[in-house]
Amino acid sequence: MNPQELLYAKTHEWVYLAEEGGTQVATVGISAFAVEALTDLVYLDLPEVGRTVTAGESFGEIESVKAVSDLYSPLTGEIVAVNEELREALEKLGEDPYDAGWIVKIKVSDQTGLDQLMDHAAYEKLCEEEQA
Amino acid sequence: MLDSPADGAWNMAVDEVLLATAAETGQLTLRLYEWSQPTLSLGYFQAYEDRQQHAASRKCAVVRRMTGGGAILHDREVTYSLGWSAQGQPGRRPDFAWLYDAVHDALRAELAGHDVILQPANGQVAGRDPRAFLCFQRLSPQDLVLDQAKIVGSAQRRRKSAVLQHGSLLLQTSSCAPELPGLRQLQSKVVDIRLLQQSWPARLAARLGLEMVPASLTDDELRQAGELMRIKYARPAWSRRR
């Protein structure tokens, strides 16, 4: 996926929205900036398919060298797919964060959280501010 | 905040409250505390069964932390926690990696005043097992070492714009982790824990450009900690969740 065409949360998750069978499905991952900031990743705790998630709430956890961080759902809905390959290949998050590094797919149930997401230009500005 | 010795469930519950307070109010809190009995704390993602491989600590009390890394045997050590928020702290990277250096630098400077010279582990990391059961047998660049032995280590839990960082300084070898030397073994040095607890916070405050004032938990924080201890940290289901 082209990072410039994605939406981003303040907590550094990216979102790709697509229509599938009349419903909106969001593919979610974490940005290259976030992966770099986390440094050496060692463990990823993923949710179960079928779990309901709420915009702004944690849907998983990731451990880098000695830090545990929450992953936040950018939107509200139901988890319909989980990238199981990541469990044994965490390096994909860093090597290919916008394609092979996708984490979950969410069937969006309402528009909660959508207005909080940024386009690529706004997200780049946020990253620049955080690096200042 | 200087706390009396307490059990593992209470200590971990209070640390989580400090993270919540930092996240909700932006208030920063440094807490120095002790343990009422030798206690093994497991890293958040460690398997409970892995403690069986460490015979010396099998009979010790156990609690699971909310931070990552390896297991720590809390006994003859100085323990600290820091609830930090990025709110109102412009110009500091929100990944909080810099907080390790800030805390450890202040501790190094303080110990140097006691003629204890620690160094960052930086170039000594290669060859160490990153998945060793005990945290003090692992090594990352920010850890502080003396004669190649890890003496100071810290871990973090990050939650949006806030972070909990806690860590330990090993003063002496514990009979529950005899393979780990402390300052006493490496340098025949007895560091006065009370003196350290008094003077290090001021040095850290200066390093962070802050003013620290003595504090204690509010009634609401005490209530939150009690609840967290009851529903989470004191429950075997939490310690054995992985």
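The questions and answers below concern the interface in this predicted model.

User: How many residues of chain B are in contact with chain A?

Analyst: The model is predicted, and its interface totals use all residues. The area buried between chain A and chain B is about 1,800 Å², with carbon and sulfur atoms giving 47%. On the side of chain A, 20 residues take part in the contact, and the number for chain B is 22.

User: Which residue of chain A meets the side chain of B:Arg242 in a salt bridge?

Analyst: The rule finds 5 salt bridges across the interface of chain A and chain B. One of them involves B:Arg242, with an N to O distance of 3.3 Å, and a salt bridge requires a distance within 4 Å, so this pair qualifies. The partner of B:Arg242 is A:Asp45.

User: Which element of chain A gives the most residues to the side that touches chain B?

Analyst: Between the two chains, 8 residue pairs are in polar contact, both residues being at pLDDT 80 or more. Several elements of chain A each supply at least two residues to this side, including helix 1 (32-38), strand 4 (41-45) and helix 3 (120-131). By class, the side has 10 nonpolar, 4 polar and 6 charged residues. The most, 5 residues, come from strand 7 of chain A.

Definitions and conventions:
Residues numbered from 1 in each chain as written. Chains lettered and ligands numbered in written order. Predicted model: local features only at pLDDT ≥ 70, side-chain atom pairs only at ≥ 80, totals over all residues. Heavy atoms only, no water. Contact = heavy atoms within 4.5 Å. Buried area = accessible area lost by both parts, 1.4 Å probe. Polar contact = N/O pair within 3.5 Å; in protein donor to acceptor, adjacent residues only side chain to side chain. Helix = DSSP H or I, 4+ residues; strand = E, 2+ residues; numbered from the N terminus. Nonpolar A, V, L, I, M, F, W, Y, C, P; charged D, E, K, R; others polar.
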